[in-house]
Amino acid sequence: MNEKQAVQYRAVKRCVFAIIEKADESQKNWVHTASRACDIFILFLVSMSIASAFLETFSLSRGAKLALSVVECVSVALFTIEYALHIWTATEKPRYRRRSPKQARIKYLCSFIAIIDLITILPFYVSLFSRNEQVLRIVPLFRLLRILKVNRYTPALAKITAVIKSKASELISTMFVVILLMMMASALIYVVESPVQPNIINLSPKTRV
């Protein structure tokens, strides 16, 4: 790759990065318009995907099931392309620019949003090679996690995420206290109720002959 090609490659990568990232409201040009359209399209795709996962829980005709399968296949294909583009353009992210391309992409792959992107598409590909009923039942649950992708495009959810990160230690402490209180309450209920209802509240192991 000569110098001219390298400059063109970098320009294309920057352009793709600007489009697939959240639209920058401070810049009003065609890139902003394309980025905004991309944001709206991804949000629409996430909504369609979650709606199809919900509809699949009902008893549907063969035609409806086929339509929902097509929606899922198209959604996964587009989400996979989006995931690949985010990995490719990770070097353009301001916090990764001082790192080598390899380090920047590894760092991005370990980020929360990249893990969510992977989790929302990986089960689909796993289900293509597995006929295990338990695996097939879990796949729709992972599809519902696609709602977390909205965090990248919605400022309100981004603020909630920032608050959770800043208050992580307090939240963990609170969860620990809640779990501890639940365990204490369960133990208290067992101590009080087990003598009265031994057949209902009984933690002793039973053996079957």
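Is Phe176 buried or exposed? Phe176 counts as exposed, at 55% relative accessibility. Here buried means under 20% relative accessible area, exposed means over 50%, and partly exposed lies in between (1.4 Å probe, protein chains only).

This is a predicted model: local features need pLDDT of at least 70, side-chain atom pairs count only at pLDDT 80 or more, and totals for chains, interfaces and linings use all residues. Residues are numbered from 1 along each chain as its sequence is written, and side-chain values use heavy atoms, with hydrogens and water left out.

## The surface patch

Phe176 sits in helix H8 (residues 168–193). Helices (H or I, at least four residues) are DSSP runs, numbered from the N terminus. Phe176 belongs to a nonpolar surface patch with Val177, Leu180, Leu181 and Met184. Together these residues have about 510 Å² of accessible area. Such areas come from the Shrake-Rupley method with a 1.4 Å probe; for residues, only the protein chains shown count as cover. Patches take residues with over 30% relative accessible area and no salt bridge; like charges are joined within 9 Å, and nonpolar side chains (Val, Leu, Ile, Met, Phe, Trp, Tyr) within 5 Å.

## The core

The largest nonpolar core has 17 residues. A nonpolar core is a set of buried Ala, Val, Leu, Ile, Met, Phe, Trp, Tyr and Cys residues joined through side-chain atoms within 4.5 Å. Val46, Phe79, Tyr108 and Ile121 touch the most other members. Helix H2 (30–55), helix H3 (62–88), helix H4 (101–109) and helix H5 (112–129) each give two or more residues to this core.

Contacts (heavy atoms within 4.5 Å) show what surrounds Val46. Leaving out residues up to four places away in sequence, Val46 touches Phe79, Arg146, Ile147, Lys149 and Val150.

Ile147 lies in the loop between helix H6 (133–144) and helix H7 (155–166). Ile147 is partly exposed, with a relative accessible area of 48%. Beyond its neighbours within four places in sequence, Ile147 is in contact with Val46 and Ile50.

Ser49 is placed in helix H2. Ser49 is buried, with a relative accessible area of 0%. Setting aside residues up to four places away, Ser49 touches Glu72, Ser75, Phe79, Arg143 and Arg146. C-alpha to C-alpha, Ser49 and Glu72 are 6.3 Å apart in space and 23 residues apart in sequence. Ile147 and Ser49 are 98 residues apart in sequence, with their C-alpha atoms 9.2 Å apart.

## Salt bridges

Side chains of opposite charge can pair when their charged atoms come close. How many salt bridges does the structure hold? There are four. A salt bridge is a side-chain nitrogen of Lys or Arg within 4 Å of a carboxyl oxygen of Asp or Glu. Three of them are listed here.

| Pair | N to O distance |
|---|---|
| Arg10 and Glu92 | 2.8 Å |
| Arg14 and Glu92 | 3.5 Å |
| Glu21 and Lys93 | 2.8 Å |

Why does the bridge between Arg10 and Glu92 tie together parts that are 82 residues apart in sequence? Arg10 lies in helix H1 (residues 3–20), while Glu92 lies in the loop between H3 and H4. Arg10 counts as partly exposed at 35% relative accessibility, whereas Glu92 counts as buried at 2%.

Arg14 is partly exposed, with a relative accessible area of 47%.

Glu21 lies in the loop between H1 and H2, and Lys93 in the loop between H3 and H4, 72 residues apart. Both Glu21 and Lys93 are buried. Shared partners join Arg10, Arg14 and Glu92 into one salt-bridge network.

Thr89 lies in the loop between H3 and H4. Thr89 counts as buried, at 0% relative accessibility. Leaving aside neighbours within four places in sequence, Thr89 is in contact with Lys13, Val16, Phe17 and Ile20.

## Cysteines

A disulfide is a covalent bond between the sulfur atoms of two cysteines. The cut-off used is a pair of cysteine sulfur atoms within 2.5 Å. A search of the whole structure finds zero disulfides. Cys15 is partly exposed, with a relative accessible area of 24%. Cys73 also counts as partly exposed, at 41% relative accessibility.
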